[in-house]
Amino acid sequence: MKILTTVKKVVDVELTIHVKDGAIVEDGLQYVINAWDENAVETAVQLKENSGAETTLVSIGGGDNTDMIRRCYAMGIENGIHIEDPALAAADSFVYAKVLQKVYEKGDYDLVITGKQAQDTDNGQTGIILAEYLGLPCVSNVIAIEVLDDQHIKVSRSGDAGTEIVELELPAVVTVDVSINEPRLPAMRGIMMAKKKKIDVMDLAALGTSPDEVGCATPKSEIAEFLKSDTRQGGQKFEGNAAEITAQVVDLLANEAKVF
Amino acid sequence: MAKVLVIAEIKQGVIKSSTTELLSKAKAIGAETAVVAIGSNIESLIPGLVSAGSDTQYVADDPGLELFSAGPYASCVVDAAKQFGANLIWFGFSESGKAVAPRVAAQLDAACATEITDVTLHGDQIEVTRPAITNKVMQRVKVNIEELVAVVRAGAFEATEGITGTENVIKLSPPAPDLKAVIKELVSDASGDIDLADADIVISVGRGAKDQAGIDLVKELANDLKAGFGSSRAMVDGGFMPHGKQVGQTGKIVAPNLYMAFGISGAIQHLAGMNGSKVILAVNKDPEAPIFNVADYGIVGDLFEVVPILREEIKKIRT
């Protein structure tokens with residue numbers, strides 16, 4: 001089985017993010033692997049270990065992704081492709097999906113694993129749109145994967161009414177939730193070994209396509225501006241005798257907030 | 001004139017409030033409205049779809065649609081959207097909506113926006129507002145084409161009082177099943193539990209509850225109030241709560257009338273999943289806990305001491 005997994009370099013959400021004049025202030029930002037993609041990598045590596053799969057990752061944009069890709073190598077990924085092209089600066093989900101389609105078509109893969117969303121956009125669209133473009137079956141928000149045979153996998157998806165158990169015919173696309181696994185910490189030896197491994201960096205032309213073909217010039221939507229989040233203000237905080245302050249808060253909930 | 005197609009959210013034979021909320025917003029922006037309802041044995045829901053505010057009802061009613069499957073559901077939405085000539089297609093904030101919306105957008109070659117909190121029309125120009133970067137910023141997104149598929153964030157739109165529609169039912173032919181992604185089984189969440197997404201009050205526990213005894217103590221309050229019962233990621237990772245009960249950006253995003261957080265410090269991912277709640281109460285031993293920065297009412301104290309008093313005081317007020 002050949003697995004393609006996607007990883008995106010995204011802003012670290014643990015740090016404070018400032019907005020000025022409709023844009024995000026770059027100063028002080030740090031970048032990390034998207035949390036959901038780390039689970040996708042772990043899923044691919046587990047399938048390699050348990051079912052003998054061959055694993056390839058692809059990353060689009062992000063500038064210098066060497067550290068991130070090496071970390072994924074150290075986790076157990078075997079091959080890495082990085083698509084970097086100035087035309088992709090404002091790429092939306094549809095453009096990413098088109099680029100991934102090109103990568104997929106070059107590689108004869110059986111299974112594509114993506115994180116269910118990226119923590120910078122929180123869109124949750126790319127993997128699903130990719131499956132539509134490829135005409136492949138797709139299950140999103142996957143929390144468990146089991147290989148049935150060369151042609152089939154069984155996945156669990158967290159749905160509205162419970163856990164949906166779906167049998168998928170390969171090739172297929174799945175997008176995974178963080179609850180699918182606990183990504184491993186790469187061992188020091190793996191990190192050392194990873195430094196020797198090659199990363200296949202290419203632009204759109206080298207991928208056999210062009211900015212126009214993947215839709216860079218005709219985005220369906222674009223971010224007009226960033227705004228500050230309408231953050232809530234903390235209200236009244238009570239300290240002291242538990243019985244007294246609790247009674248006081250219940251009174252406020254009933255008579256001021258009117259929630260009871 | 002804008003034409004809005006709303007995907008009805010149906011759960012266990014009941015039309016959920018998001019359907020009315022989305023149709024209310026559609027009417028408020030002066031759009032023509034239609035709804036598409038997908039399921040098995042849903043004929044009886046038609047009057048409810050009309051009173052939810054729709055002027056046309058597309059109904060895909062087939063035994064093959066009893067269990068959710070993204071492919072066939074997307075086919076129904078695309079069919080209805082084409083018949084209606086919809087330029088705005090809105091899903092409520094559900095796992096099925098998030099799975100189907102990108103498919104519909106790809107098939108219709110429309111734009112796609114998830115988690116939107118507002119939509120405005122300037123002539124043909126569509127604009128949406130949505131949170132991004134784990135709720136840390138908002139984006140104003142300009143749509144460059146005339147068709148947009150959107151998933152609306154929980155609690156973003158309010159239902160208009162007294163809204164109603166007109167009956168004009170159009171039956172859709174059943175879609176082909178997805179033979180390459182076959183739904184085998186639905187393992188229901190713990191039966192009898194109140195759905196976090198629907199609950200008027202949501203109560204969550206965090207690390208401060210320590211163990212099962214702490215969880216059970218807070219759960220009694222949830223039972224008293226018929227509240228949805230969730231938790232922070234820490235309690236899921238610790239194996240105390242099922243992942244389906246995790247409130248946060250990586251779990252369920254909720255926007256109830258009242259959210260009560262017990263022993264939850266307030267990690268950014270958790271806050272992103274509940275800060276749309278109307279009123280927030282937080283109970284935590286640590287006066288510096290970040291949860292107090294978003295709570296309307298905060299009690300600095302030990303939940304093991306506070307919860308029993310809270311139950312008594314609430315009982316008093318409700319009798």
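The model scores ipTM 0.94 and pTM 0.92. The mean pLDDT (the predictor's confidence in each residue, from 0 to 100) of chain B is 95, with 99% of its residues at 70 or more. In this predicted model, local features need pLDDT of at least 70 and side-chain atom pairs count only at pLDDT 80 or more, while totals for chains, interfaces and linings use all residues. Residues are numbered from 1 along each chain as its sequence is written, chains are lettered from A in the order in which they are written, and side-chain values use heavy atoms, leaving out hydrogens and water.

Helix H5 of chain B spans residues 212-225; helices are DSSP runs of H or I with at least four residues, and strands are runs of E with at least two, numbered from the N terminus. From first to last C-alpha, the 14 residues of H5(B) reach 20 Å, close to the 20 Å expected at 1.5 Å a residue (1.5 Å times one less than the number of residues). Among the buried residues of H5(B) are Ile215(B), Val218(B) and Ala222(B) (buried: under 20% relative accessible area with a 1.4 Å probe, protein chains only). The buried residues of H5(B) fall within an arc of 160° seen down its axis, so they line one face of the helix. After H5(B) comes Lys226(B), with a positive phi near 50°.

In chain A, Asn123(A) sits in the loop between strand E8 (111-115) and helix H4 (126-134). Asn123(A) is buried, at 18% relative accessible area. Its side chain makes a polar contact with that of Arg130(B) at 3.2 Å (N or O atoms within 3.5 Å, one able to donate a hydrogen and the other to accept it within protein; residues adjacent in sequence count only if both atoms are side-chain atoms).

Notes: Buried means under 20% relative accessible area, exposed over 50%, partly exposed in between (1.4 Å probe, protein chains only). The arc is that of the directions from the helix axis to the C-beta atoms.
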